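These are my notebook entries on a handful of residues.

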Amino acid sequence: MQRIIRQFPRIGAAAVLSFAVVATGARADGLSVGPVKDPTVAKECSACHMLYPAGLLPARSWSRLMNDLGDHFGDNAELDPETAEQIRAYLTANAADTQRRGTKLLRNLPSGTVPLRITELPYIAAKHAKRGRVAPATLKRRGAKSPADCKACHRGAEQGQFDDD
């Protein structure tokens, strides 16, 4: 890093560091997970709600959600068996517990716990409680329909970018 700063003295250390953060995808205080890359998952899941990246929940959670599509948070989201299996396979293969980035999300999650909502993850709950961002007044001001409407506050949510906007 010092060598780069010496090569570009007019840019300054802050600019070089900012570039390094952007170039590596590192987030100072945000969360970054991979976006959904499967067109079937994107089409089917975003038909009714925000497209949640698979890396936001552990595989066991995605399996449980896919097992009960007839009562998906009060709605019938049943799919034909082939489509459902394709979506299940993608979500579980790209879940938080299958990628290095997901370890932050699953920290402090009791063993065997199967969260069905992203807001049930201790990491997410703590981040939002600390900042008071899911208070009803904040949600209303941001135009969120519920605490599950991540993109109301995190513009890059569907792409897996949860910077502190």
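Before the first entry I noted the term I needed: helices are DSSP runs of at least four residues, numbered from the N terminus. I also recorded that the model is a predicted one.

Entry 1, the loop between H4 and H5. I looked up Phe-73 and found it in the loop between H4 and H5. Its phi is positive, about 55 degrees, although Phe-73 is not a glycine. I marked this because most residues other than glycine have a negative phi.

I then turned to Asp-68, which lies in the loop between helix H4 (59–67) and helix H5 (81–93). With 42% relative accessibility, Asp-68 is partly exposed. I noted that Asp-68 gathers with Asp-71, Asp-75 and Glu-78 in a patch of negative charge on the surface.

Entry 2, the loop between H6 and H7. I looked up Asn-108 in the loop between helix H6 (103–106) and helix H7 (122–131). Asn-108 is not a glycine, yet its phi is positive, about 70 degrees. I recorded Asn-108 as exposed, since its relative accessible area is 65% and the cut-off for exposed is over 50%.

Is Cys-45 buried or exposed? Cys-45, in helix H3 (residues 39–46), is buried, because its relative accessible area of 19% falls under 20%. Leaving out residues up to four places away in sequence, I found that Cys-45 touches Met-50, Leu-51 and Ile-87. I also noted 9.1 Å between the C-alpha atoms of Cys-45 and Ala-77, which are 32 residues apart along the chain.

Definitions and conventions
Residues are numbered from 1 along each chain as its sequence is written. This is a predicted model: local features need pLDDT of at least 70, side-chain atom pairs count only at pLDDT 80 or more; totals for chains, interfaces and linings use all residues. Side-chain values use heavy atoms; hydrogens and water are left out. Patches are made of residues with over 30% relative accessible area and no salt bridge: like charges are joined within 9 Å, nonpolar side chains (Val, Leu, Ile, Met, Phe, Trp, Tyr) within 5 Å. Accessible areas come from the Shrake-Rupley method with a 1.4 Å probe; for residues, only the protein chains shown count as cover. A salt bridge is a side-chain nitrogen of Lys or Arg within 4 Å of a carboxyl oxygen of Asp or Glu. Lys and Arg count as positive and Asp and Glu as negative; His and the chain ends are not counted. The place of a charge is taken as NZ of Lys, CZ of Arg, CG of Asp or CD of Glu. Buried means under 20% relative accessible area, exposed over 50%, partly exposed in between (1.4 Å probe, protein chains only). Contact means heavy atoms within 4.5 Å.
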